[in-house]
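Student: Could you take a close look at one helix for me and show how it sits against the rest of the fold? Cut-offs too, please.

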Amino acid sequence: MGDDAAPMSSHRPYLLRALYEWIVDNGMTPHVLVDAGQPGVRVPAHAVKDGRIVLNIAERAVGGLRMDNDALRFSARFGGVSQSVLVPLPAVIAVYARETGHGMALPEDPRGVEAQLQAEPASASVEDSGAPDDDGPGSPGEPPRRGGHLRIVK
């Protein structure tokens, strides 16, 4: 590739969408590991552990899921309270299936995190769509996490 080549967009959003689709197509539950300390991350502080948070992004657990080229956006219930979640893509560390741990750590953006944040600001709001309260995100921990961390809410 020469110096005259136009800069390419980040490959991270394409990998995120592809991995999400692969996990869902295989009947598994997609989770993302997020660096909650990155600029622009909007997640409930009480769910963050060691600067990270694991979010369940399965369709049944979130409302209004959008995986744009700049950020992951959705609404979800944390402790029974619906909240908007915004995760700029540089903050997504990994995408994996909860049941098996299969997935992938997303590679660094070759343009650099600062360049991506400046080029793709994550400023759009997330609309509350009344996400269901079952199997919600925010279960802190490292992938893969096994064992009973779910509870039945009636």
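Tutor: Let's start with the buried side of H1: Arg12, Pro13, Leu16, Leu19, Tyr20 and Ile23 are buried there, where buried means under 20% relative accessible area, exposed over 50% and partly exposed in between, with a 1.4 Å probe and protein chains only. Looking down the axis of H1, you find these buried residues within an arc of 130°, so they line one face of the helix; the arc is taken over the directions from the helix axis to the C-beta atoms. As background, an α-helix has 3.6 residues a turn, so residues three or four places apart point the same way.

A word on provenance: this is a predicted model, where local features need pLDDT of at least 70 and side-chain atom pairs count only at pLDDT 80 or more, while totals for chains, interfaces and linings use all residues. Residues are numbered from 1 along each chain as its sequence is written, and side-chain values use heavy atoms, leaving out hydrogens and water.

Back to the helix. H1 covers residues 12–25, 14 residues in total, and reaches 20 Å from first C-alpha to last, close to the 20 Å expected at 1.5 Å a residue (the expected span is 1.5 Å times one less than the number of residues). Helices here are DSSP runs of H or I with at least four residues, strands are runs of E with at least two, and both are numbered from the N terminus. After H1 comes Gly27, with a positive phi near 70°.

What does H1 lie across? The answer is strand S1 (30–35), S6 and S7, with H1 running at about 15° to S6. Contact means heavy atoms within 4.5 Å; axes are lines fitted to C-alpha atoms, for helices over the stretch in contact, and angles run from 0 to 180 degrees between N-to-C directions.

Those strands belong to an open sheet of four, ordered S2-S1-S6-S7 with antiparallel pairing; two strands pair if DSSP finds at least two bridges between them. S2 (52–56) and S7 (103–105) stand at the edges with a single partner strand each, so one side of each has no neighbour in the sheet. On average, neighbouring strands of this sheet are turned by 15° against each other, direction ignored.
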